[in-house]
Amino acid sequence: MSTPEDRTPKEPREGATPDTPRVAPGPPHEGMTPGVPHRGAVPGTPRTTTASSQHGTHPRADCVIDIDGRITFRLPPIAGAHPRLLLRLRPRKGRAETALRLLDLEPDRSDGHRHAVLEPHLLLDEGRWDVYLLPEPDAERRRLRPGLRDLRSLVDGHLRDRPAPVAVRIPYTTKDGFLALRAWRRTAHAEAGAIDVADRAMTVTARLHGAELGADATVRLRLRGTDTVRILRPRTDDDARGFSFTVGAGDLADDGGGAAGIWDAFVSPTAGAPTVRVGRLLDDVADRKHVYVYPAIEMAGAALRPYYTVDNDFAIEVT
């Protein structure tokens, strides 16, 4: 069932293959990187070129992330007085560009290759960032193809507690074969872990980052597009970070037997505190909606299926 949850622009459909998919009934890799904002367009930024204007050729860029979230891009030797990388927050359809960031491409002394560094403290606004080469200040921008993407430092990222704000960025290959970054930036985040689907209920484990759970913490399931909320009491760990909750068909039923729709999951760390979205961001998987697929629970004339949205947030679909 297709759902209207997209808050970030989707990938274009034409002409590409996505990253090699993982078949994952349970969590495979996990990790993270900080991201960073820059509001307002960069003065004098040139227009975007198309593949045809570049005769179908696009440079390739390797990238590697270290454990602190620092991303280093490396390109072959480039002719130009002052080559730079341009990161562009992909605007929503019909909207103008609002966020750009420029990174200097410094020469390597050994072989003439160029490298640019996106530091952890340079936070990126939440969304998808396309990566371009700007050979000279007045030159046309050129999309980059991905080379080697070393994301090994992200694999165990869920094992490290994150301070607020929780910032994440993951290099990935777009559907049409270009290099991009997926970025999230949230005041706090509840990282989903194992999702155990049994015959009559599902149990979700998670860990809170950027905040702590109080004795009055609650899990809130909100029926999308309505004010309907179901409140559950989570089981919390002694460290006030880890928690779990169980959902059955009866928890989401209405007087007629079942409230069909999409239920988004949040945790409220303490009474009156802002709710925190439950999702899965702290690993190397930029898009997990069609990678992590779970079975449905069928009972009382309803089917409940846990899934991840296009923003990698956790939800339950009731049909």
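Among contacts in the chain between residues at least 6 apart in sequence, 70% join residues at least 24 apart. This figure, like every other value in this report, comes from a predicted model. The secondary structure comprises 22 strands and zero helices, and of the 319 residues of the chain, 51% count as buried.

## Nonpolar cores

The largest nonpolar core has 36 residues, and those with the most contacts inside it are Val247, Leu304, Phe314 and Ile316. Strand β13, which covers residues 201–209, gives the most to this core, with four residues. Leaving aside residues up to four places away in sequence, Val247 touches Ala201, Met202, Leu221, Leu232, Leu252, Leu304 and Ile316.

The side chain of Arg207 is joined to that of Asp161 by a polar contact of 2.8 Å, and to that of Asp239 by a polar contact of 2.7 Å. Not counting residues up to four places away in sequence, the residues that Arg207 touches are Asp161, His189, Ala190, Glu191, Asp239, Arg241, Gly242 and Phe243.

## Aromatic rings

A pair of aromatic rings is described by the distance of the centres and the angle of the planes. In this structure the count comes to four aromatic pairs. In one of them, Phe243 and Phe245 are stacked, with 6.5 Å from centre to centre and 20° between the planes. Phe243, which is also touched by Arg207, is buried with a relative accessible area of 3%, and Phe245 counts as buried at 0%. Elsewhere, Tyr292, Tyr294, Tyr308 and Phe314 form one aromatic cluster; Phe314 is also among the residues with the most contacts inside the largest nonpolar core.

Charged side chains also meet rings. The charged end of Arg145 sits over the ring of Phe178, at 4.1 Å from its centre, and the charged end of Arg288 sits over the ring of Tyr308, at 5.6 Å from its centre.

## Arg288, a buried residue in a loop

Where in the chain is Arg288 found? Arg288 belongs to the loop between β19 (276–279) and β20 (297–299). Arg288 has a relative accessible area of 0%, and therefore counts as buried. A polar atom of its side chain lies 3.2 Å from the backbone oxygen of Arg280. With residues up to four places away in sequence left out, Arg288 touches Arg280, Asp283, Tyr308 and Asn312, and Tyr308 is also a member of the aromatic cluster described above.

## Salt bridges

The structure holds 25 salt bridges. The table gives three of them, with the distance taken from nitrogen to oxygen.

| Residues | N to O distance |
|---|---|
| Arg88 and Glu97 | 3.4 Å |
| Asp130 and Arg143 | 3.5 Å |
| Arg182 and Asp311 | 3.2 Å |

In the bridge between Arg88 and Glu97, Arg88 is buried, with a relative accessible area of 13%, whereas Glu97 counts as partly exposed at 28%. Asp130 lies in strand β7 (residues 127–134) and Arg143 in strand β8 (residues 142–143), so that this pair ties together parts that are 13 residues apart in sequence. Both Asp130 and Arg143 are buried.

The bridge between Arg182 and Asp311 links distant parts of the chain, 129 residues apart, with Arg182 in strand β11 (residues 179–186) and Asp311 in the loop between β21 (302–308) and β22 (314–318). Arg182 is buried at a relative accessible area of 1%, and Asp311 likewise counts as buried, at 1% relative accessibility.

Methods: Residues are numbered from 1 along each chain as its sequence is written. This is a predicted model: local features need pLDDT of at least 70, side-chain atom pairs count only at pLDDT 80 or more; totals for chains, interfaces and linings use all residues. Side-chain values use heavy atoms; hydrogens and water are left out. Helices (H or I, at least four residues) and strands (E, at least two) are DSSP runs, numbered from the N terminus. Buried means under 20% relative accessible area, exposed over 50%, partly exposed in between (1.4 Å probe, protein chains only). A polar contact is a pair of N or O atoms within 3.5 Å; within protein, one must be able to donate a hydrogen and the other to accept it, and residues adjacent in sequence count only if both atoms are side-chain atoms. Contact means heavy atoms within 4.5 Å. A nonpolar core is a set of buried Ala, Val, Leu, Ile, Met, Phe, Trp, Tyr and Cys residues joined through side-chain atoms within 4.5 Å. Rings of Phe, Tyr and Trp (its six-membered ring) pair if their centres lie within 6.5 Å; planes under 30 degrees apart count as stacked, over 60 as edge-to-face and the rest as tilted. A charge sits over a ring if NZ of Lys or CZ of Arg is within 6 Å of the ring centre and within 35 degrees of the ring normal. A salt bridge is a side-chain nitrogen of Lys or Arg within 4 Å of a carboxyl oxygen of Asp or Glu.
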